[in-house]
Amino acid sequence: MARHDDAQKALWALYHHAQLLADACLENRGAIPETAENQQAIEQLRKHRLIFDLDEDRPYSQVSRVVSDLMHHVTQSYQRQVSNADVSGLVEELEHIASAYAAATRTGAQADRELREAQAQELVANLIDTLRQITQQFTGYIHHQFSMVTDLDQRILENKRAITKAQDLNRLFDTLTPNYLAGLAGASDTLQYLLMKVLRRNLDRMRGDLVDATHGLRENLAKLEKDLDTRRYSSLIDVFLTHYERNPGYTPDPSLVEGAVNIPDVCATVAPMDLRATANIEDASQAHSLEEIVSGVLRQKAASLNEEGEDTQAPTKVTDSRNDIVEEPQDPFDTALDNLFEALPHLLEVGPTSALEAYRLLDVEHPEEVWLLAVLQRLQTLMADRAPVPPFELQAHEVERYSGNIEVSDIVFRKEEDACAA
């Protein structure tokens, strides 16, 4: 009964000093000041090893990790520090339970089998809860953006550390594959349900949350780094501005400016800034402003012309040519194509006619491939219009390594009787 008595006394000490322990864990980083009013509580808690004193010179006692984890667990705090090593330990324990369950099944030990089933259920629930709290920790980082530290460099450092931890957790998820879980479950219906349904469903959900949290952390890191650059530029500008205000006649040495390191170009530019503003031409409400701007420009131009003594130009006569017909010269390429098809009946009386020979005789400036394509398109147009088309033959060969593709090298036209004889 001694163990029961010790357990009851320890629980009574936790209950009796709950307020002191809660303040220490949640507000004072686990430290309990060793004051006169806390002395009795410290002695009782130390007796049950719920607190410890690492250094007698320190004016406070430290709450044990067991109590601290309990406080964070019941409050679901995002600041609970759970490492991947803890999760790995739970996975190793799950492997042991699955192995022991398989051995109990082989030997027919029903009591041991039921014990291992109960242990597997508790362990799977603990593993899911631990992984969920780790994942929620990264989500909490996105919401509070590491507001526990004020310095921007420290926030960037904490953000990078969180991304590294998220990557480690993602690698841990990679090890919990369906094949791995199926191997642990074996032929047991109970383990199949626990591992392949309950655990896998929660793993998929938490992995999706982890991916979203990692994207948020990377976006937050980019924002913090941009804020850091902006702060550096602002500080540099403030330094220059303060120096110029204290020394109105100061002129920097050009050699110092040229030899400076990490000075942005905007700080080394001495040209005046040109400020301009124009009205929105798509906004009808600003029509009056536009009229004033145009009138002002015209008045300035007229004044400058009068000062220079230039004569006013005579008004330009405008002619309405909207209904006039303007003839554009035909493209030489189209002219050559028309000449070929007009001369085809006469050329076929002499013999077969090659489109490539006509290309050389007509001195077409475009490439041969373009000419052959234009001739083929003209033939297809004539056939679509049911116009008479002389028989023709495509001289082509199949392109190597490109099955089904052919390359046309020439188009040969023949007379009707020659085509039938061939």
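Arg 231 is partly exposed, with a relative accessible area of 36%; here buried means under 20% relative accessible area, exposed over 50%, and partly exposed in between, with a 1.4 Å probe and protein chains only. This is a predicted model, in which local features need pLDDT of at least 70 and side-chain atom pairs count only at pLDDT 80 or more, while totals for chains, interfaces and linings use all residues. Residues are numbered from 1 along each chain as its sequence is written, and side-chain values use heavy atoms, with hydrogens and water left out.

The side chain of Arg 231 meets that of Asp 153 in a salt bridge, at 3.7 Å from N to O. The term salt bridge denotes a side-chain nitrogen of Lys or Arg within 4 Å of a carboxyl oxygen of Asp or Glu. Because Arg 231 lies in helix H9 (residues 189-246) and Asp 153 in helix H7 (residues 152-175), the pair ties together parts that are 78 residues apart in sequence. Helices (H or I, at least four residues) and strands (E, at least two) are DSSP runs, numbered from the N terminus. Asp 153 is also partly exposed, at 37%.

By the rule for salt bridges, the count comes to eight. One of them joins the side chains of Asp 174 and Arg 207, at 2.1 Å from N to O. This pair links distant parts of the chain, with Asp 174 in helix H7 and Arg 207 in helix H9, 33 residues apart. Asp 174 is partly exposed at 39% relative accessibility, and Arg 207 is partly exposed at 29%.

Another salt bridge is formed by the side chains of Arg 378 and Asp 338, at 3.0 Å from N to O. Here Arg 378 belongs to helix H14 (residues 368-384) and Asp 338 to helix H12 (residues 332-350), so that distant parts of the chain, 40 residues apart, are linked. Relative accessibility is 25% for Arg 378, which counts as partly exposed, and 23% for Asp 338, which is likewise partly exposed.

The backbone also deserves attention. Most residues other than glycine have a negative phi. Arg 49, although not a glycine, has a positive phi of about 55°. Arg 49 is placed in the loop between helix H3 (39-47) and strand E2 (51-52), and at 73% relative accessibility it counts as exposed. Arg 386 has a positive phi of about 60° and is not a glycine either. The loop that holds Arg 386 runs between H14 and strand E5 (392-398), and Arg 386 is exposed at 79% relative accessibility.
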